[in-house]
Amino acid sequence: MNLSSTRSSQRSFSPDPRFLPWLGLLAIIALVVLCAWPGMHAPLFSDDYPQLDRNEDFHHWTDVFQPDAFRFYRPVKNALFMAAAPFQKDLFNWHMFGLAAFLLATIGVHRIATIIFGKGRAAWFATAIWALSPSCMSTALWLSCANISLGVAFAALVFHFHERAASGNRWQWLIPALISQACALLCYESLIAVPGLLFLRDLQQRRAGIDRRTVVRYGLYTLATIAFLAVRHLYSAKQINAGNFHSGFDPDLTRWQLMVSAPWFLWRHFLMWVFPFGKLEVLGSYGWMKSTSPAALAFAWLFLGAMISAGLLLWKRLPAVSYGILFFLVASFPAGNFLPAFNGPIHDVYLTIPSIGLAIAVACAADALLSQWSRRRRQSDAGATAAAFLLLLLLAYRIPVCGAYSRYWAQAWSEPTRLMLLVSESRPFQFKVKGVVSCMLFNEGYVEQAEAIARETLAEAPWCSQARLALGHVLTEKGDDAAAEKHLQVIIREGDQQSDLMMPALANLAQIAAKDPKRRDEAAGICRGLLTEAPTRQPAALIVLLATIYQDDGNLPKARSTLEKGLKLHPGDRSMTEMLAKLEAGPTASLSEAPATPASR
């Protein structure tokens, strides 16, 4: 055999070093898709429904610059829902929007890691550790959080252009950096922390000081941020005040209690990332001295102090670890309630941005162990075995083990009731999750279980409207309409504070009122109002109820018209089809045959 031809053949099959980073990134993306796959047919969840209702008010693309369903100024989120709305019944394609956004975020995290570490294995480690973390799976699958993923992608562009501007003193790169920062803020307001993260990077690289270049750079970032806040205020988006109370909090919680609790929220999020098993939370709740103890709050403050100290002490010795820790702290600040903004207390999606810093810190440790193992192996040092063991343990835990749990969590997303039950067991006083579970169980036909959980939840959190809604439906199902109406009226009186529960509460009230001939007009008015306000969100049962009222009043043309319009909203619905056929044939259906309206979806 010709030796030279053999060597030439071997060279032809060797990968081009220029493409190695992209091959590694493609492998990470493939793993993310593999982990997310079980959740690609998960039903729409929680915030998705109010946002879809909100988007029905948008008739032109410029309408996306209005506040979203929760009065946050997130135009990119509005645009995402506008694009995805036609696919709300095609769940796979619906979730493709969220997954595609998350994959863009993964590419963005790789770019940030490359800026920190340079091209090589540490950047791969950081990207894989971040993307395969179970705490990121909700962001990948829940369209209501896809704007966060796109925000990370735009933040990566800010890092990219800022690095070019700062490292080479090339001012022209500040223009795309500022544009990217504006886009990031239009995705998610917590990315207001990006200039602080850039400043930390410049300090470590000794590029920041009291000089004209630094002042101009960060002065422009400050102006961009002030402009965003001004526009946000102009559009009457949610502001920081006690009136904007999140339903996950005990209503008696004060501002100072919230601020004192902020380090504990930080600790729970940190724990959720480090050890996610049984710790992941969606729609978490919090009550002062009910969710935790004074000792745990004191420990949380010590934890915060330890993290700050570690970030400062490792500043020169392990700069990437230091930067990762400080990145986590700074990125956690906007949503962390250190200022009493009454953001939701604990939620895995709040970790999406801060966990980039934790991934950088762990990747630096893994890379240091790999370098130590390589050096000691060449020197035949006995410590090489220990370094190799620690490296394998760390990477095995953070990539295949956490990746497998991410896939498990994606599967849980495909079964929302199971997801909520898992979250309810993560820690004490999860009243909001239990309230949601009680509604879900009722919708699935588990009436007794729904009643038990609803009553248990109201006993410890009488303000929980989700549990009150479920109990109202249970009592209606059991024929105790008077008791049911009392619970429903409480929800209705709360108005805007529980707007996502108003519609099912009103639908149930209409069902109760329709049983009384004296309240038939009231019931019909409620049905018409709901169908006018959000027709696509209303269940077929509500349309059948309205048609039945018209039928009992002898207004058969109106009953037919209502059913025909309803079939356009719910094509092929059996209850409406059968009732329309009966109307055409002549016989009437009694009001008692109208199906019950579901508690929520």
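These legends go with close-up views of aromatic rings in a predicted model.

**View 1. Phe45 meets Trp413 edge-to-face.** Across the model, the count of aromatic pairs comes to 33. In the pair shown here, the ring centres of Phe45 and Trp413 are 5.1 Å apart and the planes sit at 75°, over the 60-degree cut-off, so we call it edge-to-face. Phe45 comes from the loop between helix 2 (20–36) and helix 3 (48–55), while Trp413 belongs to helix 16 (residues 383–413), so the pair ties together parts 368 residues apart in sequence. How buried is Phe45? Its relative accessibility is 3%, so Phe45 counts as buried. Trp413 also counts as buried, at 3%.

**View 2. Phe431 and Trp463 make an edge-to-face pair.** Here the centres of the two rings lie 5.4 Å apart with the planes at 85°, hence the edge-to-face label. Phe431 is part of helix 18 (residues 431–443), and Trp463 sits in the loop between helix 19 (447–460) and helix 20 (465–477), so this contact links parts 32 residues apart in sequence. Phe431 is buried, with 1% relative accessibility, whereas Trp463 is partly exposed at 21%.

**View 3. Five aromatic residues form one cluster.** Which residues are in this aromatic cluster? They are Phe249, Trp264, Phe265, Tyr286 and Phe342.

**View 4. Arginine sits over tryptophan in two places.** The charged end of Arg164 is found over the ring of Trp173, 5.0 Å from the ring centre. In the other spot, Arg398 lies over the face of Trp273, with 3.8 Å to the centre of the ring.

Notes: Residues are numbered from 1 along each chain as its sequence is written. This is a predicted model: local features need pLDDT of at least 70, side-chain atom pairs count only at pLDDT 80 or more; totals for chains, interfaces and linings use all residues. Side-chain values use heavy atoms; hydrogens and water are left out. Rings of Phe, Tyr and Trp (its six-membered ring) pair if their centres lie within 6.5 Å; planes under 30 degrees apart count as stacked, over 60 as edge-to-face and the rest as tilted. Helices (H or I, at least four residues) and strands (E, at least two) are DSSP runs, numbered from the N terminus. Buried means under 20% relative accessible area, exposed over 50%, partly exposed in between (1.4 Å probe, protein chains only). A charge sits over a ring if NZ of Lys or CZ of Arg is within 6 Å of the ring centre and within 35 degrees of the ring normal.
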